[in-house]
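Dear colleague,

Please find below the structure that I am handing over to you. My findings follow directly after it.

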Amino acid sequence: MGGYQPAQKWLKDRKGRTLDFEDILHYQKIIVALMETDRLMREVDKLFEV
């Protein structure tokens, strides 16, 4: 997303730490949100194609 990689940054910020179940659930939500954002952006882009 615009050169910013939130999923990678989230993992990098937790480097060296054991992720617990809640961390993994949170990471999964981040991935779903990024995928949905990408899908919506593509949908909007299609509306403005000439």
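I begin with Arg39, which is partly exposed, its relative accessible area being 40%. Please bear in mind throughout that this is a predicted model. Arg39 forms a salt bridge with Glu43, and the closest N and O atoms of this pair are 2.8 Å apart. Glu43 likewise counts as partly exposed, at 44% relative accessibility. Both Arg39 and Glu43 belong to helix α2, where they are 4 residues apart, about one turn of the helix. The pair is also part of a network of salt bridges that links Glu36, Arg39 and Glu43.

A further pair in helix α2 consists of Asp38 and Arg42, again 4 residues apart, about one turn of the helix. The salt bridge between Asp38 and Arg42 has its closest N and O atoms 2.9 Å apart. Asp38 is partly exposed, with a relative accessible area of 29%, whereas Arg42 is exposed, at 52%; the value for Arg42 falls in the exposed class because that class begins over 50%.

Another salt bridge joins Lys9 to Asp13, with 2.8 Å between the closest N and O atoms. Lys9 is partly exposed at 37% relative accessibility, and Asp13 is partly exposed too, with a relative accessible area of 49%. In the whole structure, the search finds 5 salt bridges. The chain carries 9 positive and 9 negative side chains, and 6 Å separates the centres of the two sets.

Leaving aside residues up to four places away in sequence, Asp23 touches Trp10, Arg17 and Thr18.

Turning to the chain as a whole, it contains 2 helices and 0 strands. Its radius of gyration is 14 Å, well over the 10 Å that the globule rule gives for 50 residues, so the chain is more spread out than a compact globule. The C-alpha trace spans about 50 × 20 × 5 Å along its principal axes. Of the 50 residues, 8% count as buried. The accessible surface amounts to about 4,700 Å², and 60% of it belongs to carbon and sulfur atoms.

Yours sincerely

Definitions and conventions:
Residues are numbered from 1 along each chain as its sequence is written. This is a predicted model: local features need pLDDT of at least 70, side-chain atom pairs count only at pLDDT 80 or more; totals for chains, interfaces and linings use all residues. Side-chain values use heavy atoms; hydrogens and water are left out. Contact means heavy atoms within 4.5 Å. The radius of gyration is taken over C-alpha atoms; the globule rule is 2.2 Å times the number of residues to the power 0.38. Buried means under 20% relative accessible area, exposed over 50%, partly exposed in between (1.4 Å probe, protein chains only). Accessible areas come from the Shrake-Rupley method with a 1.4 Å probe; for residues, only the protein chains shown count as cover. Lys and Arg count as positive and Asp and Glu as negative; His and the chain ends are not counted. The place of a charge is taken as NZ of Lys, CZ of Arg, CG of Asp or CD of Glu. A salt bridge is a side-chain nitrogen of Lys or Arg within 4 Å of a carboxyl oxygen of Asp or Glu.
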